[in-house]
Amino acid sequence: MPLSWFACAHCGFWQHHFAPPDCPVCTDVRNDLPADGWRFLPEADVAATHDGTVREVAPGLWAFTTSPALGLAGTGWLIVRDGGNIAFEAAPYYSAAMLAQLRALGGIRFLSASHAHGYGALFQLQRVFAPDVVAIQRLDLRMTKAFRVNMPFDDRLALAPGYTLHHVGGHYEGQACLHDAPGRRLFCGDMFKIDQDAAGRSHAISSHKAFHKDIPLTHMELRQYRDTIAPLDFDALLTPFEYAPEVDRAVALAALDDGLSRAPGVHRLPL
Ligand SMILES: [Zn+2]
Ligand SMILES: [Zn+2]
């Protein structure tokens, strides 16, 4: 059987394999196993059945999403800028039309993601755009077999002038966030979960080790989040799933302080 790419039908995680025996995201404690057994979708099947949408959510900030939903159904963010575009997180799959739009926006020079839940079809972005930099925190390298990391980092990496990756751990050991100083945004991975209504208005914020299973973080993990983001200025928060212009630095720190004031537990702080 030839080496190819397969998406887990349950969570959407991509593997470069000939016959994946299981899915490392689904077997992890943060996720559930598929109720009816493993099913892995060959790339050609996904390509034949999925398209997506591309929209500019703020000036120079583009969101790529896949439809119908695949796996965790995350968003691939693209920051269009002089000196080379930055892609952070990836959509579950990019159709030919989505890739053409990405190319028309200038392609990708810098590519990174917070942790495995944000990888999506990152392998496609590397295959098509051959970015100069593919940066992932070193503790997440074990999840990156579908693509090639050429710039692993420890605590911090200046991805491009004004754009810095910070290791935050917590939810995933190798989780990192991207601080966009020029845009005053924090791409926070799954450090935070934002509950939103159908219109995209945010109404609660929380932090978790595992969102679906309501496993809380420890105080040490919350303190690490706090110590990392307290020096960073931002007016908006972006998870792999939500764009939350309502959550600035003060709100994010208040949510962490609320968690630190209680016994470990999942608490959704109203916004
Ligand atoms: Zn899976
Ligand atoms: Zn996650």
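Q: At what angle do α3 and α4 pack, and how far apart are their axes?
A: In this predicted model, α3 and α4 pack at about 55°, and their axes lie 12 Å apart.

Q: Which residues make the contact between α3 and α4?
A: On the α3 side they are Leu99, Leu102 and Arg103, and on the α4 side Gln124, Leu125, Val128 and Phe129. Sorted by class, this contact of α3 with α4 has five nonpolar residues, one polar and one charged.

Q: Which residues of α5 and α6 meet?
A: His219, Leu222, Arg223, Tyr225, Arg226 and Ile229 come from α5, and they meet Arg249, Ala252, Leu253, Leu256, Asp257, Gly259 and Leu260 of α6. By class, the contact of α5 with α6 holds seven nonpolar, two polar and four charged residues.

Q: What makes the arrangement around the zinc ion (ligand 1) tetrahedral?
A: The zinc ion (ligand 1) is held by the SG atoms of Cys8, Cys11, Cys23 and Cys26, at 2.3 to 2.4 Å. Four donors count as tetrahedral if all angles lie between 85 and 135 degrees. Here the four donor atoms subtend 100 to 117°, so the arrangement is tetrahedral.

Q: What spacing do the donors of the zinc ion (ligand 1) follow along the chain?
A: They follow C-x2-C-x11-C-x2-C. Cys11, in the loop between β1 (4-8) and β2 (14-17), and Cys23, in the loop between β2 and α1 (24-27), are twelve residues apart, and this pair links distant parts of the chain.

Q: Why is the arrangement around the zinc ion (ligand 2) tetrahedral?
A: The donors to the zinc ion (ligand 2) are His115 (NE2), His117 (ND1), His171 (NE2) and Asp190 (OD), at 1.9 to 2.1 Å. Their angles of 100 to 126° make the arrangement tetrahedral, given that the limits are 85 and 135 degrees.

Q: Which parts of the chain does the pair His117 and Asp190 tie together?
A: His117 sits in the loop between β8 (110-112) and α4 (122-129), and Asp190 in the loop between β13 (185-187) and β14 (193-196), so the pair ties together parts that are 73 residues apart in sequence. The donor spacing of the zinc ion (ligand 2) is H-x1-H-x53-H-x18-D.

Q: Which residues does a cis peptide bond join?
A: Ser67 and Pro68 are joined by the cis bond, with omega about -10°. Pro68 is in the loop between β5 (61-67) and β6 (76-79).

Technical notes:
Residues numbered from 1 in each chain as written. Chains lettered and ligands numbered in written order. Predicted model: local features only at pLDDT ≥ 70, side-chain atom pairs only at ≥ 80, totals over all residues. Heavy atoms only, no water. Contact = heavy atoms within 4.5 Å. Helix = DSSP H or I, 4+ residues; strand = E, 2+ residues; numbered from the N terminus. Nonpolar A, V, L, I, M, F, W, Y, C, P; charged D, E, K, R; others polar. Donors = N, O, S within 2.8 Å, 3.2 Å for Na, K, Ca; no water. Tetrahedral: all angles 85-135°; square planar, octahedral: opposite > 155°, others 65-115°. Axes fitted to C-alpha atoms, helices over the stretch in contact; angles between N-to-C directions.
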